[in-house]
Amino acid sequence: SHKGKYHSDEFGVHHCTFISPLNKGSEGKAFGLMVVGEEYLEILAPVINDFLPDVEGTPIENNIVLGSCESMKLLLSVVDKSLAIVRK
């Protein structure tokens, strides 16, 4: 089952399981793009809830990016740059 879920654990690691397009059917928009920056992960999708469901604690902003997309930013902070370990 690929119903999608978001969770941030006790170490601040973001866990994103994206919804399968097969679960949404032909009317859904279960596709998107993840942009990885030094201080954030940004998820862009036509409809965020079709790609990563609106779970408590999931910040969603409506932005116009690359057409008409919604955007969600998950902030990161670097714990150890030499190991590239990141946390919220």
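## Nonpolar core

A nonpolar core is a set of buried Ala, Val, Leu, Ile, Met, Phe, Trp, Tyr and Cys residues joined through side-chain atoms within 4.5 Å. This structure is a predicted model. Its largest nonpolar core has 10 residues in all. They are Tyr 6, Leu 41, Ile 43, Ala 45, Ile 48, Phe 51, Leu 52, Met 72, Leu 74 and Leu 76.

Which elements give two or more residues to this core? They are β4 (40–45), α2 and β6 (70–75). Strand β4 supplies the largest share, 3 residues. In soluble globular proteins, nonpolar side chains tend to be buried together.

## Overall layout

The chain has 88 residues. It contains 2 helices and 8 strands. Read from the N terminus, the order of elements is β-β-α-β-β-α-β-β-β-β.

Buried residues account for 28% of the chain. The exposed surface comes to about 6000 Å². Carbon and sulfur atoms provide 55% of that area. Contacts also span the sequence. Of those between residues at least 6 apart, 40% link residues at least 24 apart.

## The N-terminal hairpin

Strands β1 (residues 5–8) and β2 (residues 14–17) pair in the antiparallel sense. The pairing runs over 4 bridges. What is the bridge partner of His 7 in β2? It is His 15.

The hairpin of β1 and β2 has 5 residues between the strands. There, Gly 12 takes a positive phi near 85°.

Tyr 6, listed above in the largest nonpolar core, falls within the residue range 5–8 of β1.

## The salt bridge

The structure holds 1 salt bridge. The side chains of Lys 24 and Asp 50 form it, at 3.3 Å from N to O. Lys 24 belongs to helix α1 (residues 21–24), and Asp 50 to helix α2 (residues 48–51), so the pair ties together parts that are 26 residues apart in sequence. Side chains of opposite charge can pair when their charged atoms come close.

Are the two partners buried or exposed? Lys 24 is partly exposed, with a relative accessible area of 33%. Asp 50 has a relative accessible area of 14%. The cut-off for buried is under 20%, so Asp 50 counts as buried.

Conventions
Residues numbered from 1 in each chain as written. Predicted model: local features only at pLDDT ≥ 70, side-chain atom pairs only at ≥ 80, totals over all residues. Heavy atoms only, no water. Salt bridge = Lys/Arg side-chain N within 4 Å of Asp/Glu carboxyl O. Buried < 20%, exposed > 50% of the residue type's maximum accessible area, 1.4 Å probe, protein only. Pairing = 2+ DSSP bridges. Contact = heavy atoms within 4.5 Å. Areas by Shrake-Rupley, 256 points an atom, 1.4 Å probe, with all protein chains shown as cover.
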